[in-house]
Amino acid sequence: MIKLQNISFDHCIKCTICNVYCPVARVSLFPGPKQSGPDTERFRIKSPELVDSTLKLCSNCKRCEIACPSNVKIADIIQEAKWKYLKRRWFRPRDLILSRTDLMGKFATLFNSIVNFFTRRSIVKFFLYLFIGIPYQKTLPEYENGTFEKHFYKNYPDQNKFPDHVVFFHGCFVNYNNHKLGRDLVKVLNSLNVGVNLVKEKCCGVPLIANGYINKAKKNAQYNINSLSEIHEKSNFKIVSTSSSCTYALKNEYSNLLNLDNSAISNEIEYITKFIYDRFESGNIFKMKPVPLRAAYHSPCHLERLGGVIYTIDLLKRIPGLDLVILHSECCGIAGTYGFKKEYYKLSQDIGKDLFRSIETANPEIVITDCETCALQIEMNTQFKVLHPVNILAMAVKE
Amino acid sequence: MQRYETEVIVIGGGATGTGILRDLSIRGIDATLIEKNDIASGTTGRNHGLLHSGARYAVYDLESAQECIKENKILKKIARHCIEDTGGLFVTLYHDNPKYHDLLLERCKLAGIKASEISPMQAMAIEPNLSSHTLKAVKVPDAVIDPFRLTSSNMIDAVERGAKIFTYTAVNKIITSGNDSVGIECINKKNEKIEIYANIIINAAGIWGQHICEIAGIELKMMPSKGSMLIIDYRTNNIVINRCRPPADGDIVVPGDTVSIIGTTSKEIDYDKIDNCNVDDDEIDTLLKNGEDLLPNIRRTRGLRAYCGIRPLMAVSGKVKGRKISRGIVLIDHKERDGMEGLITIAGGKLMTYRLMAEKTCDLICKKLNRKLKCTTHKLPLPGSEKKIPAKQTIKHFSGIPASTVGSTFYRHGQRVHNILTKDKKNYRLICECELVTEGEIEYAIKNLNVKNITDLRRRTRIGMGPCQGELCAYRAAGLFNEYNSTSPEESLKLLKDFLEERWNGIKPVFWGDGLREIELSYWIYQGLFGLGDFGDSDTEEN
Ligand SMILES: Cc1cc2nc3c(=O)[nH]c(=O)nc-3n(C[C@H](O)[C@H](O)[C@H](O)COP(=O)(O)OP(=O)(O)OC[C@H]3O[C@@H](n4cnc5c(N)ncnc54)[C@H](O)[C@@H]3O)c2cc1C
Ligand code: SF4
Ligand code: SF4
C-alpha cells in the first residue's frame, strides 16, 4: 500500500463531465480523464500491475479539472500515476533535451546564431526526427543572443526609482527565446510606476514533470520556493510571471504534485494580467494610444485552469482600436513538450485542428495568446504571427 | 408438477452447499442442489471474506484455529483465483493490553500457525496508513477470499460434471415415508411445484437449517448472531489488519478486491428476525470509531455501503454466547439423533472451512450409500485455478486491451479469462466503469454462470459494486439482458429497478458526504431522466 497524497479521486461522483472536455479523448483511443484518473486509481492502489499504458496519452492540459464539479485533481492523479508506475523504457535523449529547457537555453543562447541556423535546416530536422524523435514538421523555437537576465541588468539599472515593485519570474522562454516579451513587460510595469526585480531562479519544472524527471523537478521547485520566499519575506513584493504554465506550477503543482510546501509564496504569485488588472481597477492606468489591429485571442489551457482568462480579456478590451475576436476555448494540442514528440505529433495536430480552423475563419491580422508553446503551435499551423497580451499592452503605452 | 429423481439433494447454495455438490459430482454421485435465491446470497455473500490463518481463534478455540490453518493452506492451492494472499497483521495499540500479544504468539505456535513478531516500524513500512500508536505487531498468514467467486467456481465445476442446480426454488416440504425422508417439494419463482426424490437429503441451509428441520418435524436450535460490516470506497490497506485483543466489535479491516471492509459487530437476534435485519446506526458508529483506531485515515474516506450477515452457529452446549461460541463444524445424522433416515444437517464452521465441511458430509453420505469413494477436493483445483500463472503474463497475452481490464478479469475468473476476453472491441468495452467489467464478461456470465437478474450478475462479476453503485452500469446491463438472455424490454426494466432497489438498501445506512452526492446523481438519472419511478408495480414505490 502506498500512503496516498492525493485522495481527491474518492470525491468523484462519476458524472463523466470531465470526459466531454478532454481534448485528447476526443481524437484518440485515450479512455479519458474519468477512466484514467479516479476510476483506475483504485486499481493502481490495489496493484501497480494494473496500470494502463494509455495514461501517457494525457497531455496534462487540465481541462478536465476545470470541468470537474467535485474538485478531483484528475490531471495530477494521472501525472503522478504516470511517473510512479509507468517505467520509462530507456534513457531518451529527446525527453532529456525537451525537458531541460534551461540547460538547452544556456547553451543555445551562447551560440544562438549557429543553433538557429541549424535548427532551421530541413536536413538537421530530419536527423532530429530520425535519432531522437522530434517530428520534422515542427519548427523549433529560436534562441536569443545571451540571456534576458544579462540584458536586464545591463539595460534597466534604474528600477529602484519606482515607488512600487514586483519580482518577475521570467521563466526559460523569456530568458532564452523571447527577450522582447521581457522588455515589453518592463515597459508596461514601469508605465504603471512599478519597478521590476529579478531573483535567482531555475526552470519552474513543468517540462521536467511532463517527462517524468520528478527528482530534478523537485530540486528546481525547492530552489525557486526558497529564492522567491526569501525575497518576498524581506520586501513583501508580489511575484508575477508572463507564463501561464510557470504560474500554475509555482502556485499549485509544487504542492499538489510535488508535495512541497509552497504556502509562503503560492498566494503571492500572480499571472501578469491579473496583476495589471488589479492596478487598472485601483485607478492606476497608463495613457493609451490606439492599436488598430484585428486580433484573435486564444485562451491557453493552463490559464483556464488558473481562472485567469477573464483578466487577459478585460485588459485587451480596454485597448483602443483593437478589434478583438475571442476564440472558442480549445486546446491547441501542443501541451508543452507533448507536441514535440513524434509519437504524439499526429495527435497533437488532430487536437488543434478545430482551433486552427476557427483562427482561419476569424481572419485576423495577428493572434494573441498567453502561452509560449501555444504560440509556437499556432504559428506553425496557421500563417499568423502570435503575440503575448503584454506585447499588445506595450504597443498601447503612450510615451 | 415436475418430478425428478436423484441420489442426493443438497438444500442451500452457499459455500457449504455448492462445496458438497462439487465434492459429490467429483466422486461420481448424482446430485441436485436447491437454492431459494441465488447462490451465495445467504451468509456466504455477507461476510468480510477473511481466509483465516486461525490466529483469530488461537487464543480461545484451538481446534478451530488448527482447522483454519490447514484449510488456509489447501485453499491457497486449489482456489488461487478466489484468494489474494495479502498476509495479515495483529497490532497492539498503546491502550491495549500487551499481554494478549504474548498470548497470541504462544497459542499460534501451539496451533501450528506461523506467527512472527515484527517491529512497529516494520509494520508501518508494510502498511503506511497504520496508526502511529502501534506498540507491537505480529505477522500471520491471513489472506482474503472472495465468497462469490468461490461459490460460483464450485457450482461451475459441479455442473460441468453433471450435477444440477435450481436457483430461485425454495424447499417448503420434506416428503417422508414412515420415519424416513425420501424427497422434497419445492416451489420456484413462477409458482411451479417441483418434487424431487432422493436417497439422501442434505440440509446445508445455514442459519435457515432450523427451518428445514422444522418442516421435517425435527427440532434443531440455531443461535442467530448478527454481524454488520462497512465497506470503504477503496483499499485503505493492502494487508489484513486485526486488532490484537480479545475479539470485539470493529477489530478487523480486510482489503477485499478494490475495497476495504471494516468488520464486524456482534448482536444476538431472534430467529424470526433473520430474514429482515438491517444495519443499525450505532453499529456504523462503532465500526468507524474502531476502524479509525487502526487506520486513522478511514474517516476521510467514503463509506460505500453497509451490510450484515447472520452467523449460522448452532446451540450445542447452550452456554457460551456470541463471539465466544464455538465456530466448530456440526454434522448431524438425523437417523442417529432423531431416528429419521435420509436427512443430514451440516452447519456451523466458516466460509473458509466449506471444503472440509463438504468432505465430512460427503464421507458420511458415502458411508450411508455404501460407496467407497475418497475425497479429492483438497488436491483438485477449482476451474480457473488450474495453473499458477502470474497476472503479468496474462496481461501481456491480451496486449492491446488495457492492463487494468485484463488484470481485473483475470483476478475474477482466473484462467477462465480465456473464455471471456477477445480482442474484439465490443467484447472488451466497459459496461461497469468502476469495477472494469466488460461486455464480454457479462455475456459470459449471463450465458454460463446461472444468472437470473442483475444482482446475480453482480455476484459473478462485481458489476455495480464500485463507487457509483450502479449509476452508470445498471441500465447498460439491463440492456444486455435483453440482448443475450431474451428478456423482454419490460422484464429488463423490472430487473433494472430491482437492482437499483437492492443497491439503494445497502447505501441507506451510509448517507453522508460523497456517497450522498453520488446517490443523488443516480436518483436524478434514473428517476428524473429515465423516469424509472413511473415504471412497474407500486408496492416497491415507497422505498
Ligand atoms: C458477519 C460475519 C462475518 C463472517 N466472516 C467470515 C470470514 O471472514 N471468514 C470466514 O471464513 N467465515 C466468515 N463468516 C462465516 C461464514 O460466512 C459462514 O459460516 C458461511 O458463509 C456459511 O455458509 P453456508 O453455505 O453454510 O450458509 P449460507 O451461505 O447461509 O447458505 C445457506 C443457503 O440456503 C438457502 N436456503 C435457506 N432456506 C432454503 C430453503 N428453504 N430452500 C432452498 N434454499 C434455502 C439460503 O438462501 C442460503 O443461500 C462470517 C459470518 C458472518 C455472519
Ligand atoms: S489533463 Fe487534459 S489530456 Fe489529460 S485527461 Fe485531463 S483533459 Fe484529458
Ligand atoms: S468530472 Fe469529476 S466527478 Fe465527474 S466523472 Fe470526472 S472526475 Fe468524476
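How much area do chain A and chain B bury between them, and what share of it is on carbon and sulfur atoms? The two chains bury about 2800 Å² between them, 52% of it on carbon and sulfur atoms. Buried area here is the accessible area, taken with a 1.4 Å probe, that two parts lose on being put together, summed over both. The size of an interface is often given in this way, as the accessible area lost when the parts come together.

Some ground rules. This is a predicted model, where local features need pLDDT of at least 70 and side-chain atom pairs count only at pLDDT 80 or more, while totals for chains, interfaces and linings use all residues. Residues are numbered from 1 along each chain as its sequence is written, chains are lettered from A and ligands numbered from 1 in the order in which they are written, and side-chain values use heavy atoms, with hydrogens and water left out.

Back to the two chains. Chain A brings 28 residues into contact with 41 residues of chain B. Contact means heavy atoms within 4.5 Å. Four salt bridges cross this interface. A salt bridge is a side-chain nitrogen of Lys or Arg within 4 Å of a carboxyl oxygen of Asp or Glu. Side chains of opposite charge can pair when their charged atoms come close. Take D233(B) and R42(A): their side chains meet in a salt bridge, 3.8 Å from N to O. By class, the side of chain A that touches chain B has 14 nonpolar, five polar and nine charged residues. Nonpolar covers Ala, Val, Leu, Ile, Met, Phe, Trp, Tyr, Cys and Pro; charged covers Asp, Glu, Lys and Arg; the others, Gly among them, are polar.

Now inside chain A. Its domains are domain 1 (4–85), domain 2 (148–281) and domain 3 (294–396). Those bounds come from an automatic or database domain assignment. The C-alpha centres of domains 2 and 3 of chain A lie 22 Å apart. Domain 2 of chain A puts 26 residues into the contact, and domain 3 of chain A puts in 22. About 2200 Å² is buried between these two domains, with 68% from carbon and sulfur atoms. On the domain 2 side, S244(A), Y248(A) and T273(A) lose the most area, together 24% of what that side buries.

How many salt bridges link domain 2 and domain 3 of chain A? The count is one. E281(A) pairs with R318(A) in a salt bridge, the closest N and O atoms being 2.9 Å apart. On the domain 2 side, α17(A) gives the largest share, seven residues. Helices are DSSP runs of H or I with at least four residues, strands are runs of E with at least two, and both are numbered from the N terminus.

One more pair in chain A. R44(A) forms a salt bridge with E41(A), with the closest N and O atoms 2.9 Å apart. The two are separated by about one helical turn because they stand three residues apart in helix α3 (residues 33–46) of chain A.

On to the ligands. Ligand 3 has 13 residues around it, and the closest are C12(A), C15(A), T16(A), C18(A) and C68(A). For a ligand, near means that a heavy atom of the residue lies within 4 Å. The shell around ligand 3 has nine nonpolar, two polar and two charged residues. Ligand 1 is surrounded by 36 residues, with T16(B), E35(B), T44(B), N47(B) and M352(B) the closest. A polar side-chain atom of E35(B) lies 2.6 Å from an oxygen atom of ligand 1. A backbone N or O atom of K36(B) lies 3.1 Å from a nitrogen atom of ligand 1.

Last stop, chain B. The centres of domain 1 and domain 3 of chain B, over C-alpha atoms, are 31 Å apart. These two domains bury about 880 Å² between them. Two salt bridges are counted there. D38(B) and R460(B) meet in a salt bridge, 2.8 Å from N to O.

Key. Polar contact = N/O pair within 3.5 Å; in protein donor to acceptor, adjacent residues only side chain to side chain.
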